[in-house]
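Subject: Structure handover

Hello,

Please find the structure below, followed by notes on what turned up in it.

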Amino acid sequence: MLGVIGGSGFYGFFGTDARSVNLDTPYGAPSAPITVGVVGAHEVAFLPRHGAKHEFSPHTVPYRANMWALRALGVRRIFAPCAVGSLTHDLGPGAMVVPDQLVDRTVGRADTYFDSGGIHVAFADPYCPTLRGAVTDLPGVVDGGTMVVVQGPRFSTRAESRWFADQGFTLVNMTGYPEAVLARELEMCYAAIALVTDLDAGIDSGSAVRTVDVFAEFERNLTPFKKLVHEAIGQVALERTCEHCLAHDGVRLPFELP
């Protein structure tokens, strides 16, 4: 089964032809019930990252519960569409980008299932190359970029934004970590698909980023963004072939994965 973790605007991913699944986990309840439907030849589970009514801020999303619930349901491959700010003039609002690197600048988020046992996962390449390829093969998609994930819920200062850009980072986001590493710990393939909604504060010398403008830009591009995710799902093979994301080969875990 494939999974989609959607942010703002992705509610109702399947329309009416779907079923709702309520799950509990050792880490509490996920953000919302999971909706299971069909996209092409794939059964797909959709989870709204911020909750059914957008009640979770980026720093309060129950990431561990979300990823555990998807794994328990049978999901092994996940697309994670998200909204991002751009740290370069080369990527303006409306650009759709598949990042290949991630930098964590969050604070205090529960970002592992392994609090004991000396388990260490390889994370040099945080995104699944097979799932990335399913998206980057589509027209109009930007292949590659480094997404820096900040704590939120505030936006960056101009100085922070210029600092990120000076480091060579290209996108800034609030939810991409710890989703990606938790997926790796659960041996699920994971790829982010980013929609640029704004130029970040240090790049745009005019007015600062405002939530209302970000949501409006996301809404303007929502139809083609959803279409891209549906097309990406259609590019994915029915059987999982990726071995890159099997992080625990030869390692004894302190508990069984769901």
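Pro99 has a relative accessible area of 1% and is therefore buried (buried is under 20% relative accessible area, exposed is over 50%, and partly exposed lies in between, with a 1.4 Å probe and protein chains only). The model is predicted, so local features need pLDDT of at least 70 and side-chain atom pairs count only at pLDDT 80 or more, while totals for chains, interfaces and linings use all residues. Residues are numbered from 1 along each chain as its sequence is written, and side-chain values use heavy atoms, with hydrogens and water left out.

Pro99 sits in the loop joining strand E6 (96-98) and strand E7 (101-105); helices (H or I, at least four residues) and strands (E, at least two) are DSSP runs, numbered from the N terminus. Leaving out residues up to four places away in sequence, Pro99 touches Tyr127, Arg132, Gly144, Gly145, Met147, Leu171, Ala192 and Ala194, where contact means heavy atoms within 4.5 Å. Gly145 is 46 residues from Pro99 along the chain, yet their C-alpha atoms are 4.4 Å apart.

Ser156 lies between strand E9 (146-150) and helix H3 (158-166), and counts as buried because its relative accessibility is 12%. Beyond four places in sequence, the contacts of Ser156 include Phe164, Val172 and Asp200. Asn22, in the loop between strand E2 (19-21) and strand E3 (34-39), is exposed at 62% relative accessibility.

As for Tyr190, its contacts beyond four places in sequence include Met67, Ile78, Cys128, Leu131 and Ala183.

Helix H5 (residues 211-220) has Val214, Glu217 and Phe218 as its buried residues. Viewed down the H5 axis, these fall within an arc of 100°, so they line one face of the helix; the arc is that of the directions from the helix axis to the C-beta atoms. An α-helix has 3.6 residues a turn, so residues three or four places apart point the same way. Val212, Glu219 and Arg220 are exposed on the other side of H5. The cover over the buried residues of H5 includes E5, E11 and helix H6 (222-235).

How many disulfides does a search of the whole structure find? The count is zero, a disulfide being a pair of cysteine sulfur atoms within 2.5 Å. For Cys245, the closest cysteine sulfur is that of Cys189 at 3.8 Å, which is too far for a bond. For Cys82, the closest is in Cys128, at 16 Å, again too far for a bond. Both cysteines are buried: Cys82 at 4% relative accessibility, and Cys245 with a relative accessible area of 1%.

Regards
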